[in-house]
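Please look through the structure below with the inside of the protein in mind.

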Amino acid sequence: MQHVAVVIVGYRNVGDIVQCLHALSASTHADFEVVICENGGEAAFEALKAGVPDELPGGQPVRAVAAPHNLGYGGGINFAMAACPDADIWWVLNPDTEPDPDAMALQVERLQAGDCDAVGCNVYLPTGKVQSYGGRWRPWLARAVSLGHGEDARAEPDAREIEAAQRYLNGASMMFGRRFVEVAGPMREEYFLYCEEVEWCLRAIARGLKLGFAPGARVLHHAGTTTGSYDEMRRRPPTPIYLNERNKLLTTRDCFPARLPVAALATLGSLTIRYGRHRAWTQLGYALAGWRAGLANERGVPTRF
């Protein structure tokens with residue numbers, strides 16, 4: 001049986017992580033461990049250690065590791081993966097997810113078929129609607145398009161169509177094997193938050209790797225519990241907006257540099273319409289600041305908010 005390391009990056013949200021662990025404890029694939037990287041500082045790390053068990057009821061070990069500082073999403077994943085280097089397979093899960101019992105087994109089975117290097121699944125929202133099966137990236141527009149968004153999560157999509165269309169996996173649930181890591185390399189840490197999974201998958205595809213989809217595998221994603229990114233438009237906080245707009249242009253610069261001038265103009269128009277339609281003028285300011293930062297190739301931890 002393939003040994004899976006489940007990798008979770010937390011930020012002062014032990015309640016979410018406890019729910020995720022509870023769901024993982026029902027997994028039909030029993031050979032796994034869980035490694036949690038706490039990005040929220042020493043007090044958050046102590047709260048995490050106090051709040052989660054050392055092992056699940058099935059005997060699977062649970063380890064918490066403290067990041068030296070807030071490493072962001074990609075940095076936290078890289079840090080946690082470094083703590084479990086001997087795994088056969090890594091499964092990145094958002095802390096605010098609850099996998100169905102057979103989600104791990106079905107994705108492992110798809111990965112073991114040997115014709116793909118990373119696997120996604122049906123990531124769905126509490127509304128019962130699909131968040132995405134994966135996504136396409138439109139490089140001329142610097143825009144991510146979620147496959148299946150809004151569809152009934154109980155429906156069975158055509159896996160072959162998804163695999164033909166997708167260019168990135170939903171970052172809330174990504175499973176990949178050793179070859180993916182060896183060929184694609186680690187996640188970009190300088191993005192800090194948002195678009196890292198898009199760039200990672202685009203980079204992997206450019207290097208000859210394949211993305212798969214596991215039919216029947218489902219993961220519930222509560223979405224935005226840490227960042228507030230799913231709040232009503234005029235209540236959304238600055239950092240997610242800023243980073244989302246900045247990192248769209250960084251992804252374009254890193255993967256499709258010749259298309260950056262067109263993509264920059266396209267994103268400027270779309271963000272102005274998107275926030276203007278909701279009269280979210282404060283949020284428009286955050287978005288424009290992120291757009292300018294992406295155009296200037298600014299990277300790393302955001303310092304202006």
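Which residues does Phe180 touch, not counting residues up to four places away in sequence? The model is a predicted one, and in it Phe180 touches Asp117, Ala118, Gly185, Trp200, Ala204, Leu209 and Leu211. Phe180 has a relative accessibility of 1%. Buried means under 20% relative accessible area, so Phe180 counts as buried.

The largest nonpolar core has 46 residues, and Phe180 is listed with Trp90, Met174, Phe176 and Tyr275 as having the most contacts inside it. Apart from this core lies another, of 30 residues, which includes Val62, Ile89, Cys116 and Val123. In soluble globular proteins, nonpolar side chains tend to be buried together.

Next come the aromatic rings. Five aromatic pairs are found in a search of the whole structure. One of them joins Tyr133 and Phe213, with 5.6 Å from centre to centre and 75° between the planes, and this pair is edge-to-face. Tyr133 lies in the loop between β7 (130–132) and β8 (135–138), while Phe213 lies in strand β11 (residues 211–221), so the pair ties together parts that are 80 residues apart in sequence. Both partners are inside: Tyr133 counts as buried at 3% relative accessibility, and Phe213 counts as buried at 1%.

Another pair brings back Phe180. The ring centres of Phe180 and Trp200 are 5.0 Å apart and the planes stand at 85°, so this pair is edge-to-face. Phe180 is in helix α6 (residues 178–184) and Trp200 in helix α7 (residues 196–206), 20 residues apart, so the pair links distant parts of the chain. Trp200 is buried, with a relative accessible area of 1%. Ring pairs link Phe180 and Trp200 with Trp90 and Phe176 into a cluster.

Phe213 leads on to Ile162. Ile162 lies in helix α5 (residues 159–165) and is buried, with a relative accessible area of 6%. Leaving out residues up to four places away in sequence, Ile162 touches Tyr133, Leu147, Pro157 and Phe213. Ile162 and Ala214 are 52 residues apart in sequence, and their C-alpha atoms are 10.0 Å apart in space.

Which residues line the largest cavity? The lining is made of Asn122, Ala155, Glu156, Pro157, Phe213, Pro215, Gly216, Ala217 and Arg218. Strand β11 gives the most to this lining, with five residues. The volume of the largest cavity is about 40 Å³, and the count of cavities of 30 Å³ or more comes to one. Arg218, one of the lining residues, has its charged end over the ring of Tyr124, 4.2 Å from the ring centre.

The last stop is Phe192, in the loop between α6 and α7. Is Phe192 buried or exposed? At 12% relative accessibility, Phe192 counts as buried. Phe192 and Pro240 are 48 residues apart in sequence, and 10 Å apart in space from C-alpha to C-alpha.

Key
Residues are numbered from 1 along each chain as its sequence is written. This is a predicted model: local features need pLDDT of at least 70, side-chain atom pairs count only at pLDDT 80 or more; totals for chains, interfaces and linings use all residues. Side-chain values use heavy atoms; hydrogens and water are left out. A nonpolar core is a set of buried Ala, Val, Leu, Ile, Met, Phe, Trp, Tyr and Cys residues joined through side-chain atoms within 4.5 Å. Buried means under 20% relative accessible area, exposed over 50%, partly exposed in between (1.4 Å probe, protein chains only). Contact means heavy atoms within 4.5 Å. Rings of Phe, Tyr and Trp (its six-membered ring) pair if their centres lie within 6.5 Å; planes under 30 degrees apart count as stacked, over 60 as edge-to-face and the rest as tilted. Helices (H or I, at least four residues) and strands (E, at least two) are DSSP runs, numbered from the N terminus. A charge sits over a ring if NZ of Lys or CZ of Arg is within 6 Å of the ring centre and within 35 degrees of the ring normal. On a 1 Å grid over the protein atoms alone, a cavity is a set of points where a 1.4 Å probe fits but cannot get out, and a pocket is an open set with protein on both sides within 12 Å along at least five of seven lines; lining residues have an atom within 4 Å of a point. Grid points are joined across faces, edges and corners, and a volume is the space filled by probe spheres set on the points.
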